[in-house]
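Hi there,

Here is the structure I promised to pass on. My notes follow below it.

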Amino acid sequence: MKYMLLIQAAAGDVEPQCTFEDWMAYDKQVKDAGIWSAGESLADLVTATTVTVDRDGKRTVTDGPYAEAREVLGGFYVIDVPDLDVALDWAARCPGARDGSVVVRPVADFSA
């Protein structure tokens, strides 16, 4: 079953608890375990653009995130593992769990 690990990084002037090397090691572990399906790190939050559309179809584009938050989406992994318990184990190993949180969600399968 595929699960997405959404890495919620702490926002603001929080000193990171993990290093680039920690991320590289985790990336290697996920790939070496054969469970990696997809994953990316997102560019800095200041590059974000938010789009909303009102009921009349009018589009509004705003620079940056729409709302102030304590955490921001920093990246994601999609892993293919047997069950939620295994996905949670991999989420706990993720360096992002030390600096923020990792949200684990099953990927919907509409092919059935």
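**Starting from helix H1**

Gln29 lies in helix H1, where helices (H or I, at least four residues) and strands (E, at least two) are DSSP runs, numbered from the N terminus. Before going on: this is a predicted model, in which local features need pLDDT of at least 70 and side-chain atom pairs count only at pLDDT 80 or more, while totals for chains, interfaces and linings use all residues. Residues are numbered from 1 along each chain as its sequence is written, and side-chain values use heavy atoms, with hydrogens and water left out.

Is Gln29 buried, exposed or partly exposed? Gln29 counts as partly exposed because its relative accessibility is 40%; buried means under 20% relative accessible area, exposed over 50%, and partly exposed in between (1.4 Å probe, protein chains only). Gln29 and Trp90 are 61 residues apart in sequence, and their C-alpha atoms are 9.6 Å apart in space.

**The sheet and its helices**

The sheet is open and has four strands in the order S2-S5-S1-S6, with antiparallel pairing; two strands pair if DSSP finds at least two bridges between them. Strand S2 (36-41) and strand S6 (101-106) are the edge strands, each pairing on one side only. On average, neighbouring strands here are turned by 20 degrees against each other, direction ignored. For these angles, axes are lines fitted to C-alpha atoms (for helices over the stretch in contact), and angles run from 0 to 180 degrees between N-to-C directions.

Strand S1 (residues 2-10) and strand S5 (residues 71-80) run antiparallel and are joined by nine bridges. Leu6 has Phe76 in S5 as its bridge partner.

Helix H1 (residues 20-32) lies across S1, S2 and S5, at about 25 degrees to S5. Helix H2 (residues 84-93) also packs on the sheet and touches S1, S5 and S6, contact meaning heavy atoms within 4.5 Å. The direction of H2 makes about 155 degrees with that of S6.

**The two sides of H2**

Which residues of H2 are buried? They are Ala87, Trp90 and Ala91. Seen down the axis of H2, these buried residues fall within an arc of 105 degrees, so they line one face of the helix; the arc is that of the directions from the helix axis to the C-beta atoms. They pack against S1, H1, S5, helix H3 (96-99) and S6. Asp85 and Ala92, on the other side of H2, are exposed.

At the N-terminal end, H2 is capped by Asp83, with a side-chain oxygen 3.1 Å from the backbone nitrogen of Asp85.

**Salt bridges**

How many salt bridges does a search of the whole structure find? There are four, a salt bridge being a side-chain nitrogen of Lys or Arg within 4 Å of a carboxyl oxygen of Asp or Glu. Among them are these:

- Asp27 and Lys31 meet through their side chains at 3.4 Å, N to O. They are four residues apart in helix H1, which means a separation of about one helical turn. Lys31 is partly exposed, at 44% relative accessibility.
- Asp32 and Lys28 have their closest N and O atoms 2.6 Å apart, and both residues are exposed.
- Asp89 and Arg93 meet through their side chains at 2.5 Å, N to O. Both lie in helix H2, four residues apart. Asp89 is partly exposed at 36% relative accessibility, and Arg93 is partly exposed with a relative accessible area of 39%.

Best wishes

Definitions and conventions. Polar contact = N/O pair within 3.5 Å; in protein donor to acceptor, adjacent residues only side chain to side chain.
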